[in-house]
Amino acid sequence: MGLAARLVLLPGLLLGLSAGQGLGFGRRPPPQSGPEGWALGGGRRLLSLELLEEAEDLSLALLGTGLPGELPPECRELLVGFANSSVRLTGCLVRSARPVRLCQSCYRHFQSVTEQLENITRAVGNSSESNCAKSLLMSDRVQLVVILSQFFNSTWEKANCANCLKNNSEGLSNSTIEFLHLFNTTLTCFEQNFQGQAINLVPSNHTEVCRNCSQTYRNLNALYNEMQKMTGQGSDSEHRMHLCIDVEDAMNITRRLWSRTFNCSVPCSDTVPVIAVSSFILFLPVIFYLSSFLHSKQKKRILILPKRIQSNASLVNIQEKYS
């Protein structure tokens, strides 16, 4: 008997077990008196056992083959793996939203989601894997697996996490590890020199913090600027020129504490040369005009009578003589 025919018979079998001659699941038949009653009761019990065995066989067949539209076991395993990795990555992203620790805390989970999606989309000539890719990625118009993978990739790209990881994404880069270590050292210096007070106060000048943490802050700021230059040189697009969101947020927090909360300012080490050059440029016009006045000869203007007047007078005398 085929599976379709057995599906048609399944409701009848269940109804026969539940309502046939007073028998049902978990309910014993009413007692009968006499030999005929015993024989009738035994026949009913035999009939119920046959129907129960038939229903059990049919249920096992359904569990083995699956209903129409159900996934094969290997496809179900791939889907469950992607679902579990997506849950872990989503929880990590939400927990690391503030303060921002996305890249350093969630890169392993993101790598796991990527691997699970590659397992689904990989086609190595096996027909079952090819059918799994079609069933999980292109079976309906919603395509939840594709939407989730696109969301994770977009979030990871906007956070620029690749700029803080190694080329193979196996871990944080050396510069990122150094920056985070220096960042934690700077925050520790802030806390130790703040004398146990709350940080979110009205901005004021905190001499201890500004004096004792100045060098640490300068080192952190210099390392951040160097990382920015390295990232800008190695990338072509404007989006890739930014550091990862973890580093940028950490530097923004540090600068906000240093300038607004503690009201500190780092003095420029080249103050004397800058003042000297500025003064020289300002006095250049004075020097120029003074030197021009001292080295130029002032000559008095002498009036010279033109000879043109005498020549005109002699010409008049000549004309009068011959007239």
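The model described here is predicted.

## Disulfides

The structure holds six disulfides. With the bonded cysteines of the protein chain numbered in sequence order, they pair as 1-5, 2-4, 3-6, 7-11, 8-10, 9-12.

One of the six joins Cys-75 and Cys-132, with the sulfur atoms 1.8 Å apart. This pair links distant parts of the chain, since Cys-75 is in helix α3 and Cys-132 in helix α5, 57 residues apart. Both Cys-75 and Cys-132 are buried.

Cys-189 is bonded to Cys-213 at an S to S distance of 2.0 Å. The torsion about this S-S bond is about -100°, so the disulfide is left-handed. Cys-189 lies in helix α7 and Cys-213 in the loop between α8 and α9, so the pair ties together parts that are 24 residues apart in sequence. Cys-189 and Cys-213 are both buried.

Cys-210 forms a disulfide with Cys-264, their sulfur atoms 1.7 Å apart; this link is left-handed, with -80° about the S-S bond. Cys-210 is in helix α8 and Cys-264 in the loop between α10 and α11, so parts 54 residues apart in sequence are tied together. Cys-210 is buried at 16% relative accessible area, and Cys-264 is buried at 8%.

## Backbone in the loops

Arg-98 and Pro-99 are joined by a cis peptide bond, with omega about -5°. Pro-99 is found in the loop between α3 and α4.

Gln-143, in the loop between α5 and α6, has a positive phi of about 55° although it is not a glycine. Asn-263, in the loop between α10 and α11, also has a positive phi, near 55°.

Methods: Residues are numbered from 1 along each chain as its sequence is written. This is a predicted model: local features need pLDDT of at least 70, side-chain atom pairs count only at pLDDT 80 or more; totals for chains, interfaces and linings use all residues. Side-chain values use heavy atoms; hydrogens and water are left out. Helices (H or I, at least four residues) and strands (E, at least two) are DSSP runs, numbered from the N terminus. A disulfide is a pair of cysteine sulfur atoms within 2.5 Å. Buried means under 20% relative accessible area, exposed over 50%, partly exposed in between (1.4 Å probe, protein chains only).
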